[in-house]
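Here is a briefing on helix packing, domains and chain contacts. Please read it alongside the structure.

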Amino acid sequence: MDRRDFLKSLAIAGTAFTLKMKGGMDVFAQTMENALPTDLVAVMGGEPDAMFKKAIEEMGGMGRYVKRGQKVVVKPNIGWDKVPELAANTNPILVKEIIKQCLAAGAKEVVVFDNTCDDWKKCYANSGIEAAAKAAGAKILPADNKSYYSDVSLPQGKKLKSMQVHKAILDCDVWINVPILKHHGGANMSIAMKNLMGIIWNRRIFHISDLQQCIADVCTLEKKPILNVVDAYRVLKANGPRGRSQEDVVTSKALFISQDMVAVDTAATKFFNQIQAMPLDDVKYLSHGQALKIGTMDIDNLNVKRIKM
Amino acid sequence: MLKKIRVAVSVLVFGLLSFYFMDFAGILPSEFHVLGHIQFIPAWLSRNIAVMLGLVACTMLFGRVYCSSICPMGMFQDVANRCSKSKKFAYRKNNLVLRWSILAAFLILFHLGFAVIIGIFDPYSAYGRIAVHIFKPIYMFANNILAFVFNHFGNYAFYQTEIAILSISSFCIALFTFIFIGVLALAKGRLYCNTICPVGTVLGFMNKFSLFKIQIDSDKCVSCGICAKKCKASCIDARAKTVDYSRCVNCFNCINSCNKKGISFSMNKNKLEVDKSKRRFLLSGLTIAAAAPAVFAQTKAELQNRKNAISPPGAVSAERLLKHCTSCHLCISKCPSKVLKPAFMEYGIGGMMQPVMYFEKGFCNFDCTLCTDVCPNNALTSLTMEQKHRLQVGRVVFKPDICVVHTKGTSCGACSEHCPTQAVKMIPYKNGLTIPFIDTDICVGCGGCEFICPVRPHRAIYVEGNRVHKQAKAFDVEKKDEKEITDFGF
């Protein structure tokens, strides 16, 4: 390497570093977003996979988010040892369709995991997600051991200054957040922002140090999901996030998708409010998230596309 | 030929049973628990008449096949002995008084409520603990090394798993058993089986009457003593050309060793001589064991939270567990939720090592009955899913004054989140917050709330054990109002 090459590479590295540190990349992301026809797509009345196909088409197609050769993580909610009909976990049909589209868009590898509440092997199996993911060509990763996590600091967090994040998230190129819309006894709602607790190891701290603020804090993670796909095909209207029986489940056949976690959660909460009263003020992590500039609750001023199938 | 069959069966049973005990990843289907169900003391304690009859019939026909090919401790000793350099044995006199005294002491202590004694010496259970507390961690450690390498290259066929010593006392007992019996076997073959083991004493007694036996043809025998050197039970007296059947474990090693073809496994022709004094001793021992009242009061260690320890599903009560469990720790090893650990003083000294529920690593899965399925002793009686859903092993206790919702004024609800019946339900508190409200009647005592409660050092919510398990009330199901959702709501 001669001096010229050395200086050149130094300059390139320096520029890249500056852009990364200052969020310079956001500028590029912004231009891409500006070109987007819509900020948020809401679909009703179809099957989970059909609704997703429609929604992603409106969002400009999967190719806009997943590039050829990328490593992708699809992160559903697989928290409980429950079958899909009980609406405690993300719908496996939706997960399967998302994986398929990622691979079709040229993804090198798609990985699925969740830090579950019940025994992880039972959750993965009985949720139907392990089988669906494998059938679609994704890799299932364990997440029940601390060794799979790395420390990450959260400079913007108010209560939470650091946390342990699953390495799959840190190692991937992009990740897609696929929560299910559920009532939640503690946080009131469990949607996209709450689903990030499944990429964290030390989450008991959340409950002791202001759960609502911690949910917002965890969403300040630098590597945010490229897409948030909210499964509202079956909704747990009460006794969430686990649910007790079939009586807690409403088949509402809806799906919401956005890059903005706060916006998609606001929209989903308003949708849920039709089933069971849920004022936005009670879901405090929404306003906390907005204050931390994770996204906006002002969905009326967003370009929202509503589709009924 | 006979020896080959014996070795093949032993290797199969021993290998599968050992692996089943260690198999944290669930590679072997749970049906392999039958290997535990065919063990002698578990069959006796679970009143498994079919297995008992089978074992007795087998012994009466072919001798101590159990000790040779079914009992994992027997095979463990054979493996240990194989590691020994000198594999030469010598005839030893039978110590009948010691053997029967030990057996009588076991029975008496067991009836007095010291299940721990039979738990320590039952060969199957003792081996089970060695497998769970010594072999399993080694196996897991090896797995973790493999997982580390494989995961590094992006392959997740192996995954990391947490290795923990569940109970210091049980680990120490397992380690001591491992060393003690291992060294004994290394030097003296089946000395444990023929001196201490209560099953060995009982089956040895039956073996005297068995139809087929190892027999020395006194015409062919030249008293060379080669067979005696090969006998791991040290029961062949070459000079007298006799075999002590109370100690012979039918390993068939002697048959092949004899140059004169003077040893055979054949029908018994000799009449048995009866020693009256031995019978009297046995009878009096058994009478004492049966008649002895439970005079020793059990001392209970004070628990940090609970007044009563929580016995596992199917145990019915700690008292019943005490009478049936020999602490083989199969349930502990198999529990997918890691809620079972060996007791220390939770049940009193007599119940040491028996499984007790604790919620440090997990909580009892609502839809799981695995521990009751695998228990060979029927100490955990088998439960249907419907029974399990209504089984109340304990009841929830809530301490509102230390709950974070009250002390910090922030959301939590982790307890309710984990509650399968909503015996812990979040109800409106103030400022849009919700606080737990408990309904102990519908609580099953799974410990989900206690496991996840973030409050320390004492938790704001925990489970108090039921001395005798109860049936929980069925929870009310809210009527479903099928309101059609036709709009987005925004």
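**Helix pair in chain A**

Helix 11 of chain A passes helix 12 of chain A in a left-handed crossing. A crossing is left-handed if the near helix is turned anticlockwise from the far one by less than a right angle, and right-handed if clockwise. This is a predicted model: local features need pLDDT of at least 70, side-chain atom pairs count only at pLDDT 80 or more, and totals for chains, interfaces and linings use all residues. Residues are numbered from 1 along each chain as its sequence is written, while chains are lettered from A and ligands numbered from 1 in the order in which they are written.

- Helix 11 (residues 261-273) of chain A packs against helix 12 of chain A at an angle of about 155°, and their axes are 10 Å apart.
- Axes are lines fitted to C-alpha atoms, for helices over the stretch in contact, and angles run from 0 to 180 degrees between N-to-C directions.
- The two helices are therefore roughly antiparallel to each other (under 35 degrees is roughly parallel, over 145 roughly antiparallel, 65 to 115 roughly perpendicular, the rest oblique).
- From helix 11 of chain A, M261(A), V262(A), D265(A) and T266(A) meet L286(A), G289(A) and Q290(A) of helix 12 of chain A.
- By class, this contact of helix 11 with helix 12 of chain A has three nonpolar, three polar and one charged residues.
- Ala, Val, Leu, Ile, Met, Phe, Trp, Tyr, Cys and Pro count as nonpolar, Asp, Glu, Lys and Arg as charged, and the others, Gly among them, as polar.

**Covered helix in chain A**

- In helix 10 (residues 211-218) of chain A, eight of eight residues are buried (20 or more other C-beta atoms within 10 Å of its own; exposed, 12 or fewer; partly exposed, in between; C-beta atoms placed from the backbone).
- Its buried residues pack against strand 6 (162-166), helix 8 (192-195), helix 9 (204-208) and helix 12 (284-291) of chain A.
- Helices (H or I, at least four residues) and strands (E, at least two) are DSSP runs, numbered from the N terminus.

**Domains of chain B**

- Chain B has domain 1 (2-269) and domain 2 (318-471), with bounds from an automatic or database domain assignment.
- The domain centres, taken over C-alpha atoms, are 37 Å apart.
- Domain 1 gives 28 residues to the contact and domain 2 gives 27 (C-beta atoms, placed from the backbone, within 7 Å).
- Helix 9 of chain B supplies the largest share of the domain 1 side, six residues.

**Chain contact**

- In chain B, 37 residues are in contact with 40 residues of chain A.
- The chain B side divides into 15 nonpolar, 14 polar and eight charged residues.

Terms used. Contact = placed C-beta atoms within 7 Å.
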